[in-house]
Amino acid sequence: MLFNSYDFVFLFFPLVLAGYGFFKKVWQGRLSDAHKVNAANGLLLAASFIFYVWTGLGSLPVLAGSMAVNYGVFLLMKKAEWKKAALAAGLILNLGALIYFKYAGNGADLPLGISFFTFTQVAFLMEAYRGNLNRADILSYGLYVSFFPKIMQGPITLPGEMFPQLEKKDREVSWEKIYRSFYLFVLGLSKKVLLADTFGKAADFGYASLPALNTGDGIIVMLSYTLQLYFDFSGYCNMAMGIAGMLGFDLPVNFDSPYKAGNIIEFWKRWHITLTRFFTKYLYIPLGGNRKGRGRTYCNYLLVFLVSGIWHGVGWQFMVWGLMHGGLYVLTRMWQDRKLAGSKVEKQVQSGPKDALQTGIHRGRLWKMAGRVSGVLLTFLYVNAAWIFFRASSVKEAAVLIKKIVSFQFGRLNWDLAGCFNLDEFWYVIKVLGLDRWQNSHYILLVLMISGGLFVVFFGESALNIAKKAKPGLAGSVVMAVLLVWSILSFSGVSSFLYVNF
């Protein structure tokens, strides 16, 4: 069961939300403070397991076994003499299971959400080892790992973020927060159903038809996957935050308009933020971070990105993707370090006529703006090129698409590729307006969708910020209702989320 399904929208979540609300209003008042938290967590834990079983019954033994083993390791770590050995055993078991299922087992049988619930439990053990988590009852721990809004694709939560919320005696949610959370859910749903899946059709067609593409087609396919991946994954995270918000929980932000980044370092501060944080806390820093000289620091960066590439999938193409990001990350960091060192040189105090000084400031701002725009565009192009390897089934396939793009053999755009964008509801409008009689009408929606998607990622406000500003009212409610109904009517053609496979 996915968020973008009839089962979830019309059955599962309405029942969970109504049942949880009924419990808080009627039964919670009859319980002592000592039992309120356990009862509330128990209800949500049961709902989370139902959600997981509904989605894939065969994955339940792996999840349940993983939770049992990790909680046992946590109990062993309470004994000082067992602490280090228990942590080592826990990490070996967690990472060993992840490696087995992702690389040694059958990929088709990959347990749902294994990467995300494994990373969640690694964080749990690491924080317990560091003394940041001294107490965790079984219900709170179980819900921390299996909370249904985040178990499939994250965001990856840390114990310090979730346990204080899990231990709250009163999780009252205002109607305004419910409204904004629902608004965020709808925005995320529409990003997935209306945008990501449309771009996904074009990307799938392109990668299946590489020999038939020209340079223009290749660029469209490249941009389509870049936009698909962002709208798909960020849409899921928006939905997860919205669902959690309606239940009284706050999940961490996982995307912050990443394609507006001016360099690759900034990109990774905006893209899959919780994964970057996870690797920083539990891989980069234990490797020495930046404490052992610049050379070691740069090697640590490369290793983190290499591990990230290997985690994302089997194949050299994922390693190439990771090293492309890691290599540019190191070069950018080297340039920043050199720039910082240069700024520490004794500065000369500027003096001169006031008008000349103001002119210099104005020119400096223009250069800064031009540099920012150039940085955003170059970073976006580089990330696009890296995504080609991420999407391709092999390095060879990625090289074919790149060769198509750089060959500069332009021509009429592929008819079938353009047809991937001709959604029935939009095409009907074109026919009503009489534009279908134009000889190039078949390409109208391709241009509109690509340009619209690029406008959103470069100039649009994030869904989270839009939802935060939303206030109950007629205009906002109408927009939300239209997007919701439109998305639901499109459910029959939607696909699974991309990161479910990771």
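Biologist: In which loop is His272 found?
Modeller: His272 is found in the loop between α10 and α11 (273–284). Helices here are DSSP runs (H or I, at least four residues), and strands are too (E, at least two), numbered from the N terminus. This is a predicted model, so local features need pLDDT of at least 70 and side-chain atom pairs count only at pLDDT 80 or more, while totals for chains, interfaces and linings use all residues. Residues are numbered from 1 along each chain as its sequence is written, and side-chain values use heavy atoms, with hydrogens and water left out.

Biologist: Is His272 buried or exposed?
Modeller: Start with the cut-offs. Buried means under 20% relative accessible area, exposed means over 50%, and partly exposed is in between (1.4 Å probe, protein chains only). His272 has a relative accessible area of 1%, so it is buried.

Biologist: Which residues does His272 touch?
Modeller: Contact means heavy atoms within 4.5 Å. Leaving out residues up to four places away in sequence, His272 touches Phe116, Phe233, Asn254, Phe255 and Tyr499.

Biologist: What is the phi of His272?
Modeller: His272 has a positive phi of about 45 degrees, although it is not a glycine. Ser257 is not a glycine either, and its phi is positive, at about 45 degrees. Ser257 lies in the loop between α9 and α10. With 10% relative accessibility, Ser257 counts as buried.

Biologist: Which residues does the cis peptide bond join?
Modeller: The cis bond joins Gly154 and Pro155, with omega about 10 degrees. Pro155 lies in the loop between α6 (138–146) and α7 (159–166).

Biologist: Now the rings. How many aromatic pairs does the count come to?
Modeller: A pair of aromatic rings is described by the distance of the centres and the angle of the planes. Rings of Phe, Tyr and Trp (its six-membered ring) pair if their centres lie within 6.5 Å; planes under 30 degrees apart count as stacked, over 60 as edge-to-face and the rest as tilted. By this rule the count is 59 aromatic pairs. One of them is Phe147 with Phe148: 5.9 Å centre to centre, 65 degrees between the planes, edge-to-face. Both Phe147 and Phe148 are buried.

Biologist: How many Å apart are the ring centres of Tyr259 and Phe380?
Modeller: The centres are 5.3 Å apart and the planes are at 80 degrees, so Tyr259 and Phe380 are an edge-to-face pair. Tyr259 lies in the loop between α9 (215–246) and α10 (264–270), and Phe380 in helix α14 (residues 354–391), so the pair ties together parts 121 residues apart in sequence. Tyr259 counts as buried at 2% relative accessibility. Phe380 counts as buried at 7%.

Biologist: Which ring does the charged end of Arg391 sit over?
Modeller: First the test: a charge sits over a ring if NZ of Lys or CZ of Arg is within 6 Å of the ring centre and within 35 degrees of the ring normal. The charged end of Arg391 sits over the ring of Tyr207, 4.5 Å from its centre. Lys83 lies over the face of Tyr129, at 5.5 Å from the ring centre.

Biologist: Next, helix packing. At roughly how many degrees do the axes of α3 and α5 cross?
Modeller: Axes are lines fitted to C-alpha atoms, for helices over the stretch in contact, and angles run from 0 to 180 degrees between N-to-C directions. The axes of α3 and helix α5 (residues 114–129) come within 10 Å and cross at roughly 5 degrees. Angles under 35 degrees count as roughly parallel, over 145 as roughly antiparallel, 65 to 115 as roughly perpendicular and the rest as oblique. So α3 and α5 are roughly parallel to each other. Contact residues include Val62, Leu63 and Asn70 of α3 and Ile114, Phe117 and Gln121 of α5.

Biologist: How do the residues of the contact of α3 with α5 divide?
Modeller: Ala, Val, Leu, Ile, Met, Phe, Trp, Tyr, Cys and Pro count as nonpolar, Asp, Glu, Lys and Arg as charged, and the others, Gly among them, as polar. The contact of α3 with α5 has 10 nonpolar, three polar and no charged residues.

Biologist: At roughly how many degrees do the axes of α4 and α12 cross?
Modeller: The axes of α4 and helix α12 (residues 294–312) cross at roughly 60 degrees and come within 10 Å. That makes α4 oblique to α12. Leu98, Lys102 and Tyr103 of α4 meet Ile310, Trp311 and His312 of α12. By class, this contact has four nonpolar, one polar and one charged residues.
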